[in-house]
Amino acid sequence: MSIRHWPASERPREKLLDRGAMALSDAELLAIFLRTGIAGTDAVTLARQLLSQFGSLRHLLGASQADFCSAKGLGEAKFVQLQAVLELSKRYLQQQMQRETVFTEPAAVKRYLQHAISGEQREVFLLLYLDSQHRLIKAEPLFSGTIDASPVYPRIVVQQALAHNAAAVILAHNHPSGIAEPSRADKAITERLVQALMLVDIKVLDHFIVGDADVISFAERGWL
C-alpha cells in the first residue's frame, strides 16, 4: 500500500507536522528525505532497507559518493541533496555558536561537533578560535589523517591561532571507531598544545573527543 493511503497519523510528513521531528524514527525521517520509494517498495520500507544495508544512519550519511550512489533507490542527485543538508546543518550550528556571548557550558559546542565531524571516516582535528570574550571567531578543520590517527603539529596550531587573533581555543577531534574515550596519545598531544599555546598567551579551554553517541570533554573530566 502506498504511503498516501496510510492513516494520517502514520504518514511521516503528517506525523512530523503534528508531533514534531523528534517523534519520527530514523527510517521515517530518511523517508521524508527520499520523498519516494521504488517500484514495489514505499519510501519508509526503502529507508529501513538502506539503514540495514549501511548498518546505521551515521554510516549512511557518512558514506562515500560511490557507496551512496550504488545503493538501490539512491543516486547522484540524492547524494548532492544530502551533502547540502549536512552542510546547512553545520553552518546553522556554527552561526548559533557565533551569537553566544560566552561559552558558559559545552552543550552547544558538542552539538556542533557531532554534526561537523562525528560522521567522518578519517580522523579530523578541528580548532575553534575564540576572542577575548570567548565568542567564536571561526571553526577550522586543521589536520586529517588515516582511519586511526591524525598528525597534529603544535607549530601549525600556534601559527593559525595567532593568524586568527585568538585569545583562546577549543580543540576537537573525532574517533572514527565511534568510541569517544580519550587515548594516551590524545592526552599527550593536548598537553603539548596547552604548553605551546601558553607561550603565546593563548588559553586552551577544552579538548573534545567525538564518537558516535558521545562527546567527551577534557575540561569536564578535570584534565584542563
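**Exercise 1. R91 and its partner**

Decide whether R91, with a relative accessibility of 51%, counts as buried, partly exposed or exposed, and then describe its salt bridge with E87.

Solution. The model used here is a predicted one.
Step 1. A residue is called exposed when its relative accessible area is over 50%. R91 reaches 51%, so R91 counts as exposed.
Step 2. E87 has a relative accessibility of 32%. The limits for partly exposed are set by buried, under 20%, and exposed, over 50%, so E87 counts as partly exposed.
Step 3. The side chains of the two residues form a salt bridge, with a distance of 2.9 Å from N to O.

**Exercise 2. A salt bridge across the sequence**

Find which parts of the chain are tied together by the pair E220 and K110.

Solution. 
Step 1. The side chains of E220 and K110 meet in a salt bridge of 3.1 Å, N to O.
Step 2. E220 sits in the segment after strand 5 (215–217), while K110 is in helix 7 (residues 107–117).
Step 3. K110 has a relative accessibility of 19%. Buried means under 20%, so K110 counts as buried.

**Exercise 3. R11 and the salt-bridge count**

State how far apart the closest N and O atoms of R11 and E14 are, and give the count of salt bridges.

Solution. 
Step 1. The closest N and O atoms of R11 and E14 are 3.4 Å apart, and the two residues form a salt bridge.
Step 2. R11 is partly exposed, at a relative accessible area of 22%. E14 is also partly exposed, at 32%.
Step 3. The count of salt bridges comes to six.

**Exercise 4. A nonpolar patch**

Name the residues that make the nonpolar surface patch of about 300 Å².

Solution. 
Step 1. The patch is made by L162, L199 and V200.
Step 2. L162 is placed in helix 8.
Step 3. A patch residue needs over 30% relative accessible area. L162 has 47% and is partly exposed.

**Exercise 5. Residues in loops**

Locate N165, D201 and R35, and say whether each is buried or exposed.

Solution. 
Step 1. N165 is in the loop between helix 8 and strand 3 (168–174). Its relative accessibility is 65%, so N165 counts as exposed. Phi of N165 is near 55°, a positive value in a residue other than glycine.
Step 2. D201 is in the loop between helix 9 and strand 4 (203–210). At 68% relative accessibility, D201 counts as exposed. D201 is not a glycine, yet its phi is positive, about 60°.
Step 3. R35 is in the loop between helix 2 and helix 3 (43–54). With a relative accessible area of 60%, R35 is exposed. R35 and A8 are 27 residues apart along the chain, and their C-alpha atoms are separated by 16 Å.

**Exercise 6. The whole protein**

Give the number of helices and strands, the order of the elements, the box filled by the C-alpha atoms and the share of buried residues.

Solution. 
Step 1. There are nine helices and five strands.
Step 2. From the N terminus on, the order is α-α-α-α-α-α-α-β-β-α-β-α-β-β.
Step 3. Along the principal axes, the C-alpha atoms fill a box of roughly 65 × 35 × 30 Å.
Step 4. The protein has 224 residues, of which 43% count as buried.

Note on methods:
Residues are numbered from 1 along each chain as its sequence is written. This is a predicted model: local features need pLDDT of at least 70, side-chain atom pairs count only at pLDDT 80 or more; totals for chains, interfaces and linings use all residues. Side-chain values use heavy atoms; hydrogens and water are left out. Patches are made of residues with over 30% relative accessible area and no salt bridge: like charges are joined within 9 Å, nonpolar side chains (Val, Leu, Ile, Met, Phe, Trp, Tyr) within 5 Å. Accessible areas come from the Shrake-Rupley method with a 1.4 Å probe; for residues, only the protein chains shown count as cover. A salt bridge is a side-chain nitrogen of Lys or Arg within 4 Å of a carboxyl oxygen of Asp or Glu. Helices (H or I, at least four residues) and strands (E, at least two) are DSSP runs, numbered from the N terminus. Buried means under 20% relative accessible area, exposed over 50%, partly exposed in between (1.4 Å probe, protein chains only).
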